[in-house]
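Hello,

Here is the structure for you to pick up. My notes follow below it.

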Amino acid sequence: MTWVAEAAGSAYGVHNLPYGVFRSAGRAPRIGVRIGNLVLDLDGAEAAGLVLAGGALRQPTLNPFLTLGRAQWSTVRTRIVELLTEEEHRAAVTPLLVPLDRVELVMPFEVADYVDFYSSEHHASNVGRIFRPDGQPLLPNWRHLPVGYHGRAGTVVVSGTPVVRPMGQRNTPDGPVYGPSTRLDIEAEVGFVVGVPSPLGERVGVDDFAAHVFGVVLLNDWSARDIQAWEYQPLGPFLGKSFCTSISPWVVPLEALADAWVPAPEQEPAVLDYLRDVPHLGLDLRLTVDWNGTRVSEPPFAGMYWTPAQQLAHLTVNGAALRTGDLYASGTVSGPLREQVGSFLELTWGGREPVKLSDGSTRTFLSDGDTVGIGATAPGPDGTTVGLGEVVGTIVPARSA
């Protein structure tokens, strides 16, 4: 039990303790952990000698801390729990607690590389039926490897950053035209943050997932479907994806999700040896998608066909190096039901079935001024709930050419 009264019954109790970077009172960005609706200033805690991390917590970004590795992450987490549960530390820690409504949350880490996968069988099948109605929903390679693409690290932004409607080419019956995207979409995803790097030329096995991955963020891979549909043949996603990707400000450490691992879907045919993870586990994360305040979907992450460990193994199987701050995403999270899909492409079935929002308006794709929020929770120890925060973005008009 924590002595922090505000954390009682919270999804952000001492069983969670997600990390972020915040600004307050005109000071430079500094690292903190969330406890209830407060932020514990870890810069101040390390300066006072309450936590020891070699100065890594006295930085404006999590990257130096991420490099320290699993043993140090666990040591620091144990110490933070002590500070927030043992009465003897109350006097020293209380001045370091800042109300969440008095801080500005900024990017929690510097993104080194960004890779996005395509790991939901339901999503991939739905997209196949929409884009290729006369063909097979899944392409022949899909059940043999985690399909993915290399994204643009420089356009990953923190929740709350406005999303500028992208310009680009799209095809029409009269040929290609240039202008703002008219089929702007979301993709509700989960991102994994790499801490410990790996050397170029070496592979990271499925058993080494927890040695390299620090934690989890929520992610919205905004997608311009009209730009994407025209450009993706034959090479795949490019400008239809690279204009903006939003992440939640809190990085939930893997240790906070220890009670959320569940058996992942059976894979048929059997995967190649480098992808065989035993036990074969996924995370029981329950996502929510709100469109202008209307709950339109609740995607279940537990049904993802490819697991986070398999994604990491495939990402490095060719010898590609991991770097501290690498971010790889799950791909759109979709369940078998229409109310469980993680994209508006699926929700409106390619724009043919509009969705009615609570204000009476209807939508197929995103309009300027629309706001989308993606949240998630996971089961925690002893019946608790682990909150993963929220990633929010509002669409603003395209800038003139």
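Strands S20 (residues 286-291) and S21 (residues 294-297) pair antiparallel, over 3 bridges. Asp290 sits opposite Arg295 in S21. The hairpin of S20 and S21 has 2 residues between the strands, and Asn292 takes a positive phi near 50° there. Please keep in mind that this is a predicted model.

Next, the open sheet. It has 5 strands, in the order S4-S3-S2-S1-S5, with antiparallel pairing. Strand S4 (97-99) and strand S5 (104-106) are the edge strands, and each pairs on one side only. Neighbouring strands of this sheet are turned by 50° against each other on average, direction ignored. Helix H3 (residues 70-85) packs on the sheet and touches strand S1 (19-23), S2 and S3. The direction of H3 makes about 65° with that of S1.

Now the strand pairs within that sheet. S1 and S2 run antiparallel and are joined by 4 bridges. Tyr19 stands opposite Val33 in S2. S1 and S2 also form a hairpin, with 6 residues between them. In that turn, Ala25 has a positive phi of about 50°. S2 (residues 30-35) is joined in turn to S3 (residues 38-41), again antiparallel, by 4 bridges. Gly32 faces Asp41 in S3. S1 is also joined to S5, by 3 antiparallel bridges. There, Phe22 has Leu105 of S5 as its bridge partner.

How many residues of S1 are buried? The count is 4 of its 5, so S1 is mostly covered, with buried meaning under 20% relative accessible area.

Helix H8 (residues 308-316) is worth a look. Buried residues make up 8 of its 9, so H8 is largely enclosed by the rest of the structure. They are Pro308, Ala309, Gln310, Gln311, Leu312, Ala313, His314 and Thr316. What do these buried residues pack against? Their contacts include strand S6 (114-117), strand S13 (188-194) and helix H6 (209-212). Strand S14 (213-220), strand S19 (281-283) and strand S22 (327-329) are also among the elements they pack against.

The structure holds 2 cavities of 30 Å³ or more. The largest cavity has about 50 Å³ of space. Its lining is made of Gly282, Leu283, Phe301, Ala302, Met304, Trp306, Thr307, Pro308 and Gln311. S19 and H8 are the elements that give two or more residues to that lining. By class, the lining of the largest cavity has 6 nonpolar and 3 polar residues, and no charged ones.

The second largest cavity has a volume of about 30 Å³. Tyr19, Phe65, Trp73, Arg77, Phe214, Pro253 and Glu255 line it. That lining divides into 5 nonpolar, no polar and 2 charged residues.

On to the pockets. The largest pocket has a volume of about 620 Å³. Its lining takes in 28 residues. Which of them lie nearest its centre? They are Tyr118, Val147, Tyr232, Gly236 and Pro237. S6, H5, strand S7 (148-150) and helix H7 (225-231) each supply at least two residues of this lining. H5 gives the most, with 4 residues. The lining of the largest pocket divides into 15 nonpolar, 7 polar and 6 charged residues.

A word on helix H5 (residues 121-131) itself. The buried residues of H5 are His123, Ala124, Ser125, Asn126, Val127, Gly128 and Ile130. The buried residues of H5 pack against helix H9 (344-347).

Last, a loop. Gly383 lies between strand S25 (371-379) and strand S26 (385-396). Is Gly383 buried or exposed? Its relative accessibility is 73%, so Gly383 counts as exposed, the cut-off being over 50%. Gly383 and Asp259 are 124 residues apart in sequence. In space, the C-alpha atoms of Gly383 and Asp259 are 9.6 Å apart.

Over to you.

Best wishes

Note on methods:
Residues are numbered from 1 along each chain as its sequence is written. This is a predicted model: local features need pLDDT of at least 70, side-chain atom pairs count only at pLDDT 80 or more; totals for chains, interfaces and linings use all residues. Side-chain values use heavy atoms; hydrogens and water are left out. Two strands pair if DSSP finds at least two bridges between them. Axes are lines fitted to C-alpha atoms, for helices over the stretch in contact, and angles run from 0 to 180 degrees between N-to-C directions. Contact means heavy atoms within 4.5 Å. Buried means under 20% relative accessible area, exposed over 50%, partly exposed in between (1.4 Å probe, protein chains only). On a 1 Å grid over the protein atoms alone, a cavity is a set of points where a 1.4 Å probe fits but cannot get out, and a pocket is an open set with protein on both sides within 12 Å along at least five of seven lines; lining residues have an atom within 4 Å of a point. Grid points are joined across faces, edges and corners, and a volume is the space filled by probe spheres set on the points. Ala, Val, Leu, Ile, Met, Phe, Trp, Tyr, Cys and Pro count as nonpolar, Asp, Glu, Lys and Arg as charged, and the others, Gly among them, as polar.
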